[in-house]
2 protein chains.
Amino acid sequence: MKYTGVNNMVRFIKDHGIETVITELAQYLEHDFKRWEEFDKTPRYASHSKGGVIELMPTSDGQQFGFKYVNGHPGNYKKDLQTVIAFGVLSEVETGYPILFSEMTIATALRTAAMSALVAKYLAKEGSKTMAMIGNGCQAEFQAHAFRALLGIDELRLYDIDKSVSEKMVKNLETHGFNMSICNSSQEAVKRADIITTCTADKKNATILSDNMVGAGVHINAIGGDCPGKTELHADILSRAKVFVEYEEQSRIEGEIQQMPEDFEVTELWQIFSGEKQGRALESDITVFDSVGFAVEDFSILRYLNDKIDSTDYYEELDLFGTLDDSRNLFGLLT
Amino acid sequence: MKYTGVNNMVRFIKDHGIETVITELAQYLEHDFKRWEEFDKTPRYASHSKGGVIELMPTSDGQQFGFKYVNGHPGNYKKDLQTVIAFGVLSEVETGYPILFSEMTIATALRTAAMSALVAKYLAKEGSKTMAMIGNGCQAEFQAHAFRALLGIDELRLYDIDKSVSEKMVKNLETHGFNMSICNSSQEAVKRADIITTCTADKKNATILSDNMVGAGVHINAIGGDCPGKTELHADILSRAKVFVEYEEQSRIEGEIQQMPEDFEVTELWQIFSGEKQGRALESDITVFDSVGFAVEDFSILRYLNDKIDSTDYYEELDLFGTLDDSRNLFGLLT
């Protein structure tokens with residue numbers, strides 16, 4: 001079985017260029033969402049504890065099976081540990097054999113960013129140039145690269161309640177050719193922004209964006225509201241916007257729309273990608289991608305990685321299973 | 001994260017001795033089943049396809065979280081592939097960090113055998129000496145070692161519809177000090193046996209044991225009937241036996257008792273281990289362990305392995321996650 005750890009993942013991204021990787025990955029995401037009905041979709045399994053949650057997110061397209069393990073432990077920050085660790089496995093459905101075991105902490109950041117930008121390509125108004133980014137933590141640089149790769153956006157207005165986090169972002173990207181400015185408030189950041197990305201970490205019903213901050217024509221890429229009790233947008237914004245989700249059943253529980261009545265109208269993204277439904281109708285529409293992250297996205301990046309790294313040195317071989325001379329003689333491995 | 005592949009697993013078992021490993025493992029199983037109520041028990045997730053099934057089996061005791069990936073593809077046999085491949089992960093609940101990634105193909109055979117023998121220690125009649133083994137495939141040698149390690153049984157009467165499979169078993173164990181005889185029928189095998197282990201592979205409602213083959217006082221270790229549509233015992237045997245299961249909710253769907261009415265009485269094993277309920281009452285009772293395999297058993301072996309291999313060379317370190325100088329700077333790994 002192939003194994004791609006953090007070192008090989010980093011090397012793969014650096015060698016190929018992060019924007020190339022995100023652009024190629026977005027093609028896999030688009031392809032997979034366009035064949036949405038082929039996927040086996042189940043709600044994720046979640047094991048909750050006082051300190052956080054551990055989740056298993058499986059899916060299959062009938063040819064390959066993939067799942068991701070991911071935790072979310074906000075308090076890890078205080079112990080100098082990552083709040084999110086993830087890994088994933090891709091298997092062949094025909095034999096049940098696992099073929100790729102991969103780190104997914106970086107991969108999840110990549111697929112989330114690629115998905116955000118892909119959705120914005122469909123939903124943001126023509127000629128969008130400026131993006132406000134509220135919350136400049138782990139996901140922010142990936143989002144910035146994705147929006148430049150897919151939409152050409154290079155003007156970024158940053159705000160974080162902890163200014164040092166915005167400064168970290170500027171430092172990480174200062175040689176990458178972005179035009180970045182650090183703002184003193186989210187109100188300042190969203191001014192004249194064509195796109196607003198919210199990506200904050202607090203596990204609570206926050207109001208990162210209030211209704212008066214969102215003007216006509218804006219596309220909102222709402223990343224941070226992604227589990228029960230964790231939202232970023234005021235409900236009034238949702239009321240006057242067109243809201244798009246990955247998978248309605250899951251998003252009603254985990255997304256911004258957990259604030260809305262059950263019959264609040266949303267559109268699933270695959271319907272937009274496949275042309276079945278309309279995205280933005282008017283230049284003045286407010287569109288919202290209520291992103292929570294879905295197993296199909298993890299499947300897409302596992303599939304992408306598996307295709308890309310095959311026959312390269314971006315993986316190691318793990319002896320996860322033996323080769324039996326006789327398939328009925330497992331004990332033979334011990335003799 | 002620690003990684004134990006097939007090579008290290010084999011080395012660990014050989015160095016320690018398989019019966020020592022099984023004996024120690026049985027202590028972990030017994031300990032965990034005795035604290036049954038501490039475990040988060042969910043039905044396994046199963047992705048079915050034409051060729052087989054891929055399952056994820058998670059559980060947690062509040063301190064650690066474990067899950068197993070396991071497939072079952074009967075047709076793999078024809079492609080010279082294993083019908084079952086498994087791996088498992090153990091994590092710390094407090095941080096969500098995975099700590100052990102292990103092969104579980106061999107480990108599952110070990111834990112299944114250790115569980116069988118542990119249960120027989122509670123349920124088989126005093127002075128049991130002889131075991132009939134019907135179905136001598138991958139699981140058989142592990143069962144033999146487990147029953148000798150825990151019950152001192154070394155007289156084995158073997159039967160398999162494919163005689164070459166019984167011969168494989170004899171060859172594997174010929175220097176291990178067992179007294180084995182290959183029988184020409186299951187009827188012959190079960191004669192004078194104190195314990196009957198059924199462990200056949202066909203995915204159908206088979207009658208490996210019919211009612212007239214099972215005399216008073218016998219303990220039946222029914223391993224093979226473990227998914228919907230796959231059973232080994234005639235219902236009449238169950239009717240006159242005391243039946244013991246791991247987890248009633250799952251066993252009603254997957255076990256031998258799928259043949260019985262919903263109110264058919266069974267006893268969960270943790271109640272026997274903890275002394276809450278009686279196992280065998282009379283020397284003449286027929287007892288049945290309707291084994292299907294439950295996530296807690298995988299948890300026990302992951303916990304056992306993690307304890308045993310710590311600070312040894314029975315594992316490799318995998319770079320599944322990086323070390324961030326600043327936990328909010330994931331992108332820092334790329335710079």
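The model is a predicted one, in which local features need pLDDT of at least 70 and side-chain atom pairs count only at pLDDT 80 or more, while totals for chains, interfaces and linings use all residues. Residues are numbered from 1 along each chain as its sequence is written, and chains are lettered from A and ligands numbered from 1 in the order in which they are written.

Chain A holds 10 helices and 18 strands, where helices (H or I, at least four residues) and strands (E, at least two) are DSSP runs numbered from the N terminus. The radius of gyration of chain A, 20 Å, is close to the 20 Å that the globule rule gives for 335 residues, so chain A is as compact as a globular protein of that length; the radius is taken over C-alpha atoms, and the rule is 2.2 Å times the number of residues to the power 0.38. Of the 335 residues of chain A, 54% count as buried, a residue being buried if 20 or more other C-beta atoms, placed from the backbone, lie within 10 Å of its own.

An automatic or database domain assignment divides chain A into domain 1 (2–106 + 296–334) and domain 2 (119–293). The C-alpha centres of these two domains of chain A lie 26 Å apart. Their contact takes 13 residues from domain 1 of chain A and 15 residues from domain 2 of chain A, two residues being in contact if their C-beta atoms, placed from the backbone, lie within 7 Å. On the domain 1 side, the largest share, 8 residues, comes from helix 2 (residues 18–34) of chain A.

Strand 17 (residues 287–290) of chain A is covered on both faces, with A:T287 and A:F289 buried on one side and A:V288 and A:D290 buried on the other. Strand 17 of chain A pairs in the parallel sense with strand 13 (residues 219–222) of chain A over 4 bridges, and with strand 15 (residues 242–245) of chain A, also in the parallel sense, over 3 bridges; strands pair if DSSP finds at least two bridges between them. Within strand 17 of chain A, A:V288 is the bridge partner of A:I220, and A:F289 is that of A:F244.

A rotation of 180° with 0.0 Å of shift along its axis superposes chain A on chain B (RMSD 0.0 Å), with the copies superposed by least squares on the C-alpha atoms of residues with pLDDT of at least 70 in both. Because 100% of the interface residues of chain A are also interface residues in chain B, the copies meet through the same surface.

Conventions
A residue is buried if 20 or more other C-beta atoms lie within 10 Å of its own, exposed if 12 or fewer, and partly exposed in between; C-beta atoms are placed from the backbone.
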